[in-house]
Amino acid sequence: MPVGQVVIGPPGSGKTTYVWGLYQFLTALGRPVLVVNLDPAANQPPYEPAVSIDSLISLGDAVDAHHLGPNGAMLYCLEYLEHNLDWLVEQLDRAMSHLEANPPSRPAALDPDGLEEEDGGPPPPKWRREDMYVVFDTPGQVELSTNHDSLKRIVAALQTRLGFRLAAVHLVDASHILDASRYVAVLLLALRTMLQLELPHVNVLSKIDLLGQAGQDLDFNLDYYTEVQDLSYLLPLLERDQRTPRFAELNRTVCDLIEEFGLVGFETLAVEDKDSMLRLVQVIDQALGYVPPSLTTALPSSSSSSASHSHSHSHSHSHSHASHHAHAPHPTFAQSQPLSSALHAGTIQEKWVDHPTEWDQFEKERWKAEGEWAAERATEQSRRRAVEQAAKAAERTDSTPTPTMAAAEAP
Ligand SMILES: Nc1nc2c(ncn2[C@@H]2O[C@H](COP(=O)(O)OP(=O)(O)OP(=O)(O)O)[C@@H](O)[C@H]2O)c(=O)[nH]1
Ligand SMILES: [Mg+2]
């Protein structure tokens, strides 16, 4: 069964940026990933979609044909897609078959010695249909995931007809937690969406890197918001807010409702931060029950022997390379596992809210170390290639009879 993420969220919450970042990230991890654009308004997304709704219908088509406004036209496009599900199923099936038949070469991060390029090196990994990972970018109209049924039915059809296992990844801008009433609105939105889509669901506070730059303190620690702790603490803040004193009772009821369901919680995301991406990918993998093919075959193990130590042994055949990598974890992977210890809310708060400058410095030093690690491996790789090429050339010279020897051996 292929797996995938349906990326949803209000306008400007960072869906398309995340989909593009995720595509690059998963490609670097060696996963068979495809992106599907279901947003007819995104005519030039930054990624190259394997399937795009605008091959079927564009927002302009709907506006022109039915004299609709932008919002109505968007809903029309999704309804049109729902009535043309055969098209979507066929396009997806074709894109996945193409990827199965044409696995791209192993990414440099997983094949730092360039083994695939060499004679006798392992071929690129063969992917099966159940390894496929498809990411769906959707429009920002929240009604598509709160009360309009087309998206829900499209998702259901993908599950039944192509056997997809899908999770909803719901992005909301982290800046909403700076204001109690906006935070409550976001909680309600998340709850409504979870109940509507009925998928494994991961809510995400996106653009967490901008919180520290907002020039405004959080009323509570970040984990209060991500774990949706006792909402009664919000009531005085809501009542203090000049816009809402008349709604004290309503606020209390809404908070009770959210707590009674007990479903909403948040992960965080800064799309350009590798650790943040990795943490989110791991959480979503867990929600999907997905074990990526690269983890069983290609990723370095979490063994702690140092890169410089493992460079000292011989590189005589490909198996020694495989074990070589298994004992030389990339620093980032080594630091980012296991899931439970990766970037918990306290670290995220320190990194993005309380001490962004110090963290920035710390990360620069870490990147420097990673750069040195990569440079060391690159030097080692070119040295080894030169030695192997020289050995091959010497072998060829030995096995080619020289003209004088050939003449001497002739009867
Ligand atoms: N600082 C920061 N900016 C981000 C992040 N993610 C997205 N952005 C910015 O947020 C803006 C909106 O991002 P998009 O990806 O277009 O948002 P969207 O949800 O696809 O928007 P619609 O398709 O219009 O609903 C862009 O300017 C992005 O560069 C992030 O993690 N950090
Ligand atoms: Mg978008």
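Gln5 stands opposite Ala167 in E5, and opposite Val135 in E4. Keep in mind that this is a predicted model, where local features need pLDDT of at least 70, side-chain atom pairs count only at pLDDT 80 or more, and totals for chains, interfaces and linings use all residues. Residues are numbered from 1 along each chain as its sequence is written, while chains are lettered from A and ligands numbered from 1 in the order in which they are written.

Strand E1 (residues 3-8) runs parallel to strand E5 (residues 165-173), joined by six bridges. Five bridges link E1 to strand E4 (residues 133-137), also parallel. Strands here are DSSP runs of at least two E residues and helices are runs of at least four H or I, numbered from the N terminus; two strands pair if DSSP finds at least two bridges between them.

## The whole sheet

Seven strands make an open, parallel sheet, in the order E3-E2-E4-E1-E5-E6-E7. Strand E3 (51-52) and strand E7 (267-268) sit at the edges with a single partner strand each, so one side of each has no neighbour in the sheet.
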